[in-house]
Amino acid sequence: MVKIAIIGYGYWGKNLVRNFFSLPHCTLYTVADADPKRLQSLKSLYPGLNSTSDIESIFKNPEIDAVVIATPVFTHYTLAKKALLAGKHVLVEKPMTASVKEAEELIELAQKKSKLLMVDHTFLYTGAVERIKHMIEAGEVGKINYIDSTRINLGLFQADVNVLWDLAPHDVSICFHLTKDLPYSVQARGISHTKNGIENIAYLTLNYQTSLIAHFNCSWSSPVKIRQMLIGGDRKMILYNDMEPTEKVKVYDTGFEVNSHEDRTKIIVDYRIGDIYTPKLQTNEALTGMAGDFVNAILSETEPVSNWKIGLKVVKVLEGASVSIKAKGKEVTL
Ligand SMILES: NC(=O)c1ccc[n+]([C@@H]2O[C@H](COP(=O)([O-])OP(=O)(O)OC[C@H]3O[C@@H](n4cnc5c(N)ncnc54)[C@H](O)[C@@H]3O)[C@@H](O)[C@H]2O)c1
């Protein structure tokens with residue numbers, strides 16, 4: 001049994017508590033939050049569960065094997081570092097840290113202490129992403145030419161991070177999970193409609209040396225909620241609409257072939273518009289899969305799907321995007 005402490009009982013911490021509470025092979029030992037008022041609602045839902053607002057007691061307790069961190073991004077590094085130094089395995093919420101330097105330091109520390117450091121990129125555990133990955137690996141989709149994602153709604157304006165740090169970790173982690181290619185540069189534009197200069201609308205492009213291009217549109221300022229990703233392969237094209245209750249993935253047997261004209265000055269594009277089908281997906285809660293992967297990775301000493309490598313790549317993209325936004329969309333080499 002892995003004894004777990006969760007730090008942060010806010011919006012996402014509640015979901016983590018619910019999942020770890022009923023997960024096999026682990027015991028939810030305690031829940032901590034700096035705000036004692038947050039822990040009052042925990043008491044009414046889980047009367048027998050320990051809770052504390054003394055965060056340091058978590059690190060000092062030798063009974064606790066692993067710490068799950070669900071606090072704001074700017075606190076991730078400090079809390080994860082304390083947990084690793086105290087010899088605990090760590091699961092940290094996305095994005096791993098607020099900078100590449102912090103992420104690299106945590107990775108080095110985890111390796112030195114032989115402890116697991118994992119990042120919660122929840123979407124990697126959804127039935128939709130699992131199925132799309134399977135189709136790509138089976139060669140059904142062909143060579144991926146583009147990934148184009150829209151993640152917009154009237155979202156909660158965050159005080160510490162811009163909209164890309166809040167929403168793009170989902171899209172960027174999916175992108176890295178689905179393709180083996182690595183971007184060599186990023187470009188981003190964004191705008192802040194608040195007085196604090198934190199962008200609430202942003203557009204991010206990942207540039208690759210291959211034929212792939214990836215683009216993400218993130219916003220907290222849209223009247224409609226859209227969670228949509230297009231994955232364009234040269235054999236099939238996929239529409240992943242996370243707002244659809246059941247038919248989240250649609251596979252289009254659509255494509256085009258470019259041929260050069262006899263006089264070589266023109267090109268001829270032949271289109272193929274075929275069937276559309278909806279694959280059956282696993283409907284298990286993604287967070288249950290993620291929590292189970294964390295516990296299993298500790299017990300079996302294996303690498304989880306949402307490992308620190310993907311966590312680091314996401315932070316590198318976000319850091320590059322922040323530099324690019326401040327330089328009005330300048331290309332930033334990764
Ligand atoms: N994986 C996902 O899909 C997903 C979804 C939402 C949020 N998140 C991530 O979860 C994290 C938390 O986001 P949230 O929306 O739950 O925020 P939140 O503000 O609702 O909750 C954060 C909680 O942490 C507590 N806290 C803050 N600083 C603390 C500290 N130093 N020590 C102990 N407790 C502290 C606060 O009192 C609060 O209860 C963020 O990193 C966010 O990116 C992930």
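Helices (H or I, at least four residues) and strands (E, at least two) are simply DSSP runs, numbered from the N terminus. This is a predicted model, so local features need pLDDT of at least 70 and side-chain atom pairs count only at pLDDT 80 or more, while totals for chains, interfaces and linings use all residues. Residues are numbered from 1 along each chain as its sequence is written, and side-chain values use heavy atoms, with hydrogens and water left out.

**View 1. Two spots in the loops around helix α5.**
Start with Ser114, which sits in the loop between α5 and β6. Its phi is near 50°, a positive value in a residue other than glycine. The peptide bond joining Lys94 and Pro95 is cis, with omega about -20°. Why point these out? Most residues other than glycine have a negative phi, and most peptide bonds are trans.

**View 2. The ligand and the residues around it.**
How many residues surround the ligand? There are 20, and the closest are Tyr11, Trp12, Asp33, Lys94 and Thr122; a residue counts as near if one of its heavy atoms lies within 4 Å of the molecule. The shell splits into 8 nonpolar, 6 polar and 6 charged residues.

In the side chain of Thr122, an N or O atom is 2.8 Å from a nitrogen atom of the ligand. Asp120 also uses its side chain, with a polar atom 3.4 Å from a ligand nitrogen. With Thr71 it is a polar backbone atom that lies 3.2 Å from an oxygen atom of the ligand. On its own, the ligand has 860 Å² of accessible area, and the protein covers 79% of this. Such areas come from the Shrake-Rupley method with a 1.4 Å probe; for residues, only the protein chains shown count as cover.

**View 3. The sheet of 6 strands.**
Follow the order β3-β2-β1-β4-β5-β6 through this open sheet, where the pairing is parallel. Two strands pair if DSSP finds at least two bridges between them. β3 (50-52) and β6 (117-120) are at the edges with a single partner strand each, so one side of each has no neighbour in the sheet. From one strand to the next, the twist averages 25°. Axes are lines fitted to C-alpha atoms, for helices over the stretch in contact, and angles run from 0 to 180 degrees between N-to-C directions. β4 (residues 66-69) and β5 (residues 89-93) pair over 4 bridges, and Ile69 has Val92 as its bridge partner in β5. Helix α2 (residues 36-45) lies across β2 (26-32) and β3, at about 175° to β3; contact here means heavy atoms within 4.5 Å.

**View 4. Inside the sheet of 9 strands.**
This open sheet has mixed pairing and the order β14-β13-β12-β11-β7-β10-β9-β8-β15. Strands of a sheet pair through backbone hydrogen bonds, either parallel or antiparallel. Strand β7 runs antiparallel to β11, joined by 8 bridges, but parallel to β10, joined by 7 bridges. Find Ile147: it stands opposite Ala214 in β10, and its bridge partner in β11 is Ile231. Met229 of β11 stands opposite Ser149 and also opposite Tyr240 in β12. β11 and β12 make a hairpin with 3 residues between them.

β8 (residues 185-191) and β15 run antiparallel, joined by 2 bridges; Val186 has Val332 in β15 as its bridge partner. Helix α9 (residues 308-326) packs on the sheet and touches β8, β9 and β15, making about 55° with the direction of β8. Helix α7 (residues 163-178) lies across several strands, including β7 (144-152) and β10 (213-219), and runs at about 150° to β10.

Methods. Polar contact = N/O pair within 3.5 Å; in protein donor to acceptor, adjacent residues only side chain to side chain. Nonpolar A, V, L, I, M, F, W, Y, C, P; charged D, E, K, R; others polar.
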